[in-house]
Amino acid sequence: MSASDHNEKLTSLRAQIDAVDSDLVTLLARRLKLTTTVGDIKSKLGQPLYVPSRERDLIAARRQQAEQQDVAPDLVEDVLRRIMRESYLSQKARGFKQSGPADRDIVVVGGRGQLGQLFVQWFELSGYQVIIIDKDNQQELATAVTNASLVLISVPIAKTAEVIADLPRLPDDCILADLTSIKAAPLQSMLDAHHGPVLGLHPMFGPGVPSFAKQLIVATPGRQKEQAAWLLQQLQTWGAHIEWLLAEEHDESMTLIQVMRHITTFAYGVHLMQEDASLEQLVKLSSPIYRLELMMVGRLFAQSPHLYADIILASPNNFKVIRRYLERFGTLLDRLEAEGRDAFIEDFSQVADWFGDYADSFLQESKGLLQRADDARAQR
């Protein structure tokens with residue numbers, strides 16, 4: 001076959017690929033219309049946006065089908081998950097059924113802050129009458145709460161106790177809840193301020209999320225948990241997953257999950273600056289995993305320093321944990337300098353054993369993240 005014949009064949013194959021791609025777009029549009037209709041029906045029935053079992057079954061079935069047709073199951077799963085994320089967004093636009101009383105108000109104190117705005121938007125999507133209280137209309141709070149079924153506190157950590165203490169008397173059946181990333185102190189403040197139902201909430205996501213689908217919210221029990229059932233049902237209808245935890249256990253975990261990550265990321269950023277590192281060169285030379293690490297550092301410094309200062313400084317216990325980390329860091333460094341490679345391997349193996357099956361699980365999960373990061377980099 002001549003070069004001309006090969007080129008003609010190549011052109012024909014590319015035309016067929018373009019036709020298949022066009023068919024894929026048509027199928028995506030068809031699927032989106034179907035999921036939009038599903039969203040309408042679920043809204044009327046008050047069913048949750050995200051149903052884990054349905055998603056698991058769907059993906060498992062398509063992975064099996066992919067294997068039967070010699071298509072990489074991971075590819076099919078990646079495509080489906082991306083499509084489903086878009087479906088959740090289209091369903092969000094249709095609104096949600098109310099779980100709470102329709103004739104009562106929701107008051108969001110700090111409702112013009114970023115996180116407060118997010119919850120205001122979603123309550124309004126469900127048809128609630130939402131009253132926003134912020135710095136410019138604090139004098140309206142006493143009137144605003146008279147018909148409230150929920151008063152939601154969404155203010156900076158440093159202001160939370162003061163704001164709660166200044167609350168007027170709430171209706172006896174009104175839920176008092178907060179969105180603070182620490183829980184023990186705010187929860188006690190709410191219990192002292194209100195004799196009705198009290199609930200601590202910590203959204204484990206930022207205000208930029210496009211959907212509540214698959215998002216985690218930690219709930220800490222305060223008082224009259226059963227009276228707060230409609231609020232939890234509303235969050236689940238939006239697609240959120242609720243994880244219950246005692247306030248003290250929550251704060252201990254957040255010291256390791258949030259505080260330690262933020263302080264080490266902050267310290268690494270300071271170190272890069274003081275070393276006068278070339279970020280442009282570091283980005284060029286970074287593989288996907290190192291690029292992700294740089295991204296996490298840059299992400300921190302693209303946000304509010306007040307937020308992270310409040311999280312790190314929230315509890316004196318945070319500094320105790322950080323100092324233990326520094327002591328261990330120093331001990332490890334001294335050991336490596338004195339004993340070398342064998343000492344590192346020994347310590348590494350002990351930690352690997354401690355992680356157990358989680359190590360392999362995290363490795364597999366991270367591969368997908370790294371592949372997507374690599375794809376994104378290739379398009380730049």
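Student: What describes the packing of helix H9 and helix H13 here?

Tutor: Two packed helices are described by the angle between their axes and the distance between the axes. Helix H9 (residues 247–274) and helix H13 (residues 316–339) pack at about 65 degrees, with axes 11 Å apart. Axes are lines fitted to C-alpha atoms, for helices over the stretch in contact, and angles run from 0 to 180 degrees between N-to-C directions. Helices are DSSP runs of H or I with at least four residues, strands are E runs of at least two, and both are numbered from the N terminus. This is a predicted model, in which local features need pLDDT of at least 70, side-chain atom pairs count only at pLDDT 80 or more, and totals for chains, interfaces and linings use all residues. Residues are numbered from 1 along each chain as its sequence is written, and side-chain values use heavy atoms, leaving out hydrogens and water.

Student: Which residues make the contact between H9 and H13?

Tutor: Contact means heavy atoms within 4.5 Å. On H9 the residues are Thr 255, Leu 256, Val 259, Met 260, Ile 263 and Thr 264, and on H13 they are Asn 317, Asn 318, Val 321, Ile 322 and Tyr 325.

Student: Why is Glu 77 called buried, and what is Arg 81 called?

Tutor: Buried means under 20% relative accessible area, exposed over 50%, and partly exposed in between, using a 1.4 Å probe and protein chains only. Glu 77 has 18%, so the residue counts as buried. Arg 81, at 29%, is partly exposed.

Student: What makes Arg 104 and Asp 173 a link between parts apart in sequence?

Tutor: Their closest N and O atoms are 3.0 Å apart, in a salt bridge. Arg 104 lies in the loop between H3 and strand S1 (105–109), and Asp 173 in the loop between helix H6 (157–165) and strand S4 (175–178), so the pair ties together parts 69 residues apart in sequence. Arg 104 is buried at 16%, while Asp 173 is partly exposed at 43%.

Student: How many salt bridges does the rule give?

Tutor: The count comes to 14. Among them is Asp 178 with Lys 183, at 3.1 Å, and both residues are buried.

How values were computed:
Salt bridge = Lys/Arg side-chain N within 4 Å of Asp/Glu carboxyl O.
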